[in-house]
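User: I'd like to go through the helix packing and the core of this one. Can we start with the helices?

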Amino acid sequence: MENRAARQTIKTQVLVLGGGAGGVGAAISAAREGVETILVDRQGFLGGNMTIGLPLLAFLDAQGRQVTRGLPQQFVDRLIELGGAFGHRECPLHNSTTVIDPQLMKIVVFEQIKKYGVKPLLHCEVIGTNVENGELKSVIVKGKGKEIEIFADVFVDATGDGDVAYMAGADYEKGQYANGETQPPTLMFTVGGFDLDEFMAFLKEHPEELKHGPSMNIRPGYTAEFLSASENHVFVGLKNTISRLRKEGKCPIDRDTIIYINLPRKGYIALNCIRILNFDGTKIEELSRGEVESHLQILPLIQMLKEHVPGFQNIYLSSIAPFLGIRETRRIIGKQMIREEAAVNGVIPEDTIALGSYIIDIHSGSGDSTLIRQLAGPYGITYGATISKDVKRLMMSGRCISVDPVVFGSSRVMPTCMAVGEGVGIGAALAAQQGVAPEEVDVQLIRKKLREYGAILSLDDR
């Protein structure tokens with residue numbers, strides 16, 4: 001008779017937990033080096049926030065220079081082949097925008113992991129860790145009523161929330177230093193029936209709708225003419241309309257602007273507007289509240305746009321993301337930490353494994369505003385910021401790496417997360433192959449390999 005309580009045991013060289021941009025980057029990069037790699041995710045697909053309608057931001061820096069390439073560029077190149085992306089376009093607000101078809105991204109991720117031999121383990125939730133004398137030995141996952149204990153030479157926490165590191169006892173920070181407030185989540189959804197030409201005509205007649213609050217430091221040139229010149233754009237505006245409708249009691253969202261992403265499908269846009277305030281994405285109760293409140297804002301928001309904004313009058317709900325888009329939770333403390341001063345001053349150390357260049361973009365967790373600061377150029381994300389300072393054999397990839405709250409406002413975007421993951425994957429693979437701890441790997445060898453794969457680690461590499 002089947003022993004239903006028996007726990008299955010698996011051994012691998014590199015185990016990546018979490019299949020978003022950072023996890024996919026790490027898993028593919030590790031497998032590409034020839035090591036056995038398992039990638040675990042709780043969904044039935046991979047790609048995380050790359051699959052919910054969000055754009056890929058800041059492949060280019062504020063000067064229009066490409067500073068992210070390598071594996072992230074490989075994904076974009078494939079999407080362009082499929083008609084699911086237009087490439088990179090400079091933007092006065094976001095530095096650059098790369099709009100993508102989220103459904104095609106799901107397919108591209110599966111193509112890539114199959115190509116490099118990553119072993120996916122989907123529909124599994126991480127439920128525990130086994131740590132002995134400060135060293136992570138195994139991670140326990142559960143799915144379909146069965147538990148699987150996975151042993152590995154190197155573990156990569158790419159859960160976004162740092163769940164594995166948290167369960168293993170790693171030190172972490174959460175939220176802003178001043179008040180512990182975390183940036184709010186959003187529930188992305190897509191609508192069809194959008195008339196882009198009519199909306200752009202409206203914007204040209206009402207340029208005040210592209211005036212933003214004093215906390216949003218946007219370079220000149222973010223105009224209706226700029227937006228209408230290309231389908232490859234992300235719109236942030238309608239502050240006047242939203243303010244008026246809020247005073248009239250007709251605005252269902254807790255933010256002062258509308259954000260849409262123009263998708264590579266005519267008439268379809270993804271809306272990034274919903275904001276759940278005073279939220280903690282590390283608590284099941286809060287996640288449950290957020291899902292309910294978010295879904296219940298969708299129809300009132302669609303109705304508001306249909307009634308009050310030209311170009312939106314014929315929109316209809318097309319799809320809703322399968323999960324809340326979480327902006328901020330835990331950041332795991334690493335051997336190093338990337339701090340505001342280094343990012344603002346464009347410091348690129350010799351142990352850099354990826355460049356960050358996105359604006360500092362911090363959404364208020366308790367109000368309707370957004371703080372935006374421009375960066376003059378790229379900064380370096382170092383290898384030591386991806387290695388847990390107090391749990392041996394544990395690395396981080398994606399948004400839970402070791403950065404301070406201000407840098408987090410920049411480093412959290414998906415191309416940067418995947419670029420970091422590419423470096424982490426190589427480091428994890430080399431550690432497994434050499435039988436050493438991740439911090440003992442020669443970072444210059446990691447950098448050499450990254451450059452061979454087309455990654456950009458300094459402005460001289462372009």
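**Helix packing and core**

Analyst: This is a predicted model. In it, α2 and α11 pack at an angle of about 125 degrees, with their axes 7 Å apart.

User: Which residues of α2 and α11 meet?

Analyst: From α2, Gly 70, Leu 71, Pro 72 and Phe 75. From α11, Pro 415, Met 418, Ala 419 and Glu 422. By class, this contact of α2 with α11 has 6 nonpolar residues, 1 polar and 1 charged.

User: OK, and at what angle do α2 and α3 pack?

Analyst: Helix α2 (residues 70-81) packs on helix α3 (residues 102-116) at about 125 degrees, and the axes are 10 Å apart. That angle makes α2 oblique to α3. The crossing is right-handed.

User: What makes the contact there?

Analyst: On the α2 side, Gln 74, Phe 75, Arg 78 and Leu 79. The α3 residues include Leu 104, Met 105, Val 108 and Tyr 116. The contact of α2 with α3 divides into 7 nonpolar, 2 polar and 3 charged residues.

User: Switching to the core. How many residues are in the largest nonpolar one?

Analyst: It has 151 residues, and Phe 199 and Ile 258 have the most contacts inside it. Helix α11 (residues 414-434) gives the most to this core, with 12 residues.

User: What does Phe 199 touch?

Analyst: Leaving out residues up to four places away in sequence, Phe 199 touches Phe 194, Phe 235, Leu 238, Tyr 260, Val 309, Pro 310, Gly 311 and Phe 312.

Notes:
Residues are numbered from 1 along each chain as its sequence is written. This is a predicted model: local features need pLDDT of at least 70, side-chain atom pairs count only at pLDDT 80 or more; totals for chains, interfaces and linings use all residues. Side-chain values use heavy atoms; hydrogens and water are left out. Axes are lines fitted to C-alpha atoms, for helices over the stretch in contact, and angles run from 0 to 180 degrees between N-to-C directions. Helices (H or I, at least four residues) and strands (E, at least two) are DSSP runs, numbered from the N terminus. Angles under 35 degrees count as roughly parallel, over 145 as roughly antiparallel, 65 to 115 as roughly perpendicular and the rest as oblique. A crossing is left-handed if the near helix is turned anticlockwise from the far one by less than a right angle, and right-handed if clockwise. Contact means heavy atoms within 4.5 Å. Ala, Val, Leu, Ile, Met, Phe, Trp, Tyr, Cys and Pro count as nonpolar, Asp, Glu, Lys and Arg as charged, and the others, Gly among them, as polar. A nonpolar core is a set of buried Ala, Val, Leu, Ile, Met, Phe, Trp, Tyr and Cys residues joined through side-chain atoms within 4.5 Å. Buried means under 20% relative accessible area, exposed over 50%, partly exposed in between (1.4 Å probe, protein chains only).
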